[in-house]
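Q: Hi! Could you walk me through this one with me? I'll just ask things as they come up.

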Amino acid sequence: MSVQPLELDQVVMQSDGFLASNMNDEKVMMSVESGKYYNLGSIGGRIWELIESPTSVRQVVTSLREEYEIDQDACERQVLSFLQTMLAEKLIRTGT
């Protein structure tokens, strides 16, 4: 089953069932169900924090651009790619 491509106006949020912790300035997570570990890195960890409650992909991009010096198009591509991977791994879910 393939995952639908995310769009900027879609709302995303953390999925339930993951324990997250900071380790050496990076966010690491573990799936309670599978025991699988994920290292989100520092910016991935920041994205994880930003989607703690339902947030549009566009708002995530806006927040990151306020915090980091990054080109709009590059930020959009990288955030969409990262979130798409997280969606495929069922780390996040989409909402309304």
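**Chatting through the model**

A: Happy to. Let's begin with Gln14: leaving aside residues up to four places away in sequence, Gln14 is in contact with Trp48, Glu49, Ile51, Glu52, Leu91, Ile92 and Arg93. Keep in mind that this is a predicted model.

Q: Which strand does Gln14 lie in?

A: Gln14 is part of strand 1.

Q: And is Gln14 buried or exposed?

A: Gln14 counts as buried, because its relative accessibility is 18% and the cut-off for buried is under 20%.

Q: What does the side chain of Gln14 reach?

A: The backbone oxygen of Trp48, at 2.7 Å.

Q: OK, changing topic to helix 3. How many residues does helix 3 have?

A: Helix 3 has 17 residues, 72-88. From first C-alpha to last, helix 3 reaches 24 Å, close to the 24 Å expected at 1.5 Å a residue.

Q: What caps the N-terminal end of helix 3?

A: Asp71 does, with a side-chain oxygen 3.1 Å from the backbone nitrogen of Asp73.

Q: And just after helix 3, which residue takes a positive phi?

A: That's Lys90, with a phi of about 65°.

Q: Which residues of helix 3 are buried?

A: They are Ala74, Cys75, Glu76, Val79, Leu83, Met86 and Leu87.

Q: Now pockets. What volume does the largest pocket have?

A: About 170 Å³.

Q: Which residues line the largest pocket?

A: The lining is made up of Ile43, Gly44, Ile47, Leu64, Tyr68, Ile70, Cys75, Gln78, Val79 and Phe82. By class, that gives 8 nonpolar, 2 polar and no charged residues.

Q: Which helix gives the most to that lining?

A: Helix 3, with 4 residues. Helix 1 and helix 3 each supply at least two. Cys75 and Val79 belong to the lining, and both are among the buried residues of helix 3.

Q: Last topic: where is Ser53?

A: Ser53 sits in the loop between helix 1 and strand 5 (55-56). Ser53 is partly exposed, with a relative accessible area of 42%.

Q: What does Ser53 touch?

A: Val12 and Met13, again not counting residues up to four places away in sequence.

Q: And how far apart are Ser53 and Ser81?

A: They are 28 residues apart in sequence and 20 Å apart in space, C-alpha to C-alpha.

Technical notes
Residues are numbered from 1 along each chain as its sequence is written. This is a predicted model: local features need pLDDT of at least 70, side-chain atom pairs count only at pLDDT 80 or more; totals for chains, interfaces and linings use all residues. Side-chain values use heavy atoms; hydrogens and water are left out. The expected span of a helix is 1.5 Å times one less than its number of residues. Buried means under 20% relative accessible area, exposed over 50%, partly exposed in between (1.4 Å probe, protein chains only). A polar contact is a pair of N or O atoms within 3.5 Å; within protein, one must be able to donate a hydrogen and the other to accept it, and residues adjacent in sequence count only if both atoms are side-chain atoms. On a 1 Å grid over the protein atoms alone, a cavity is a set of points where a 1.4 Å probe fits but cannot get out, and a pocket is an open set with protein on both sides within 12 Å along at least five of seven lines; lining residues have an atom within 4 Å of a point. Grid points are joined across faces, edges and corners, and a volume is the space filled by probe spheres set on the points. Ala, Val, Leu, Ile, Met, Phe, Trp, Tyr, Cys and Pro count as nonpolar, Asp, Glu, Lys and Arg as charged, and the others, Gly among them, as polar. Contact means heavy atoms within 4.5 Å.
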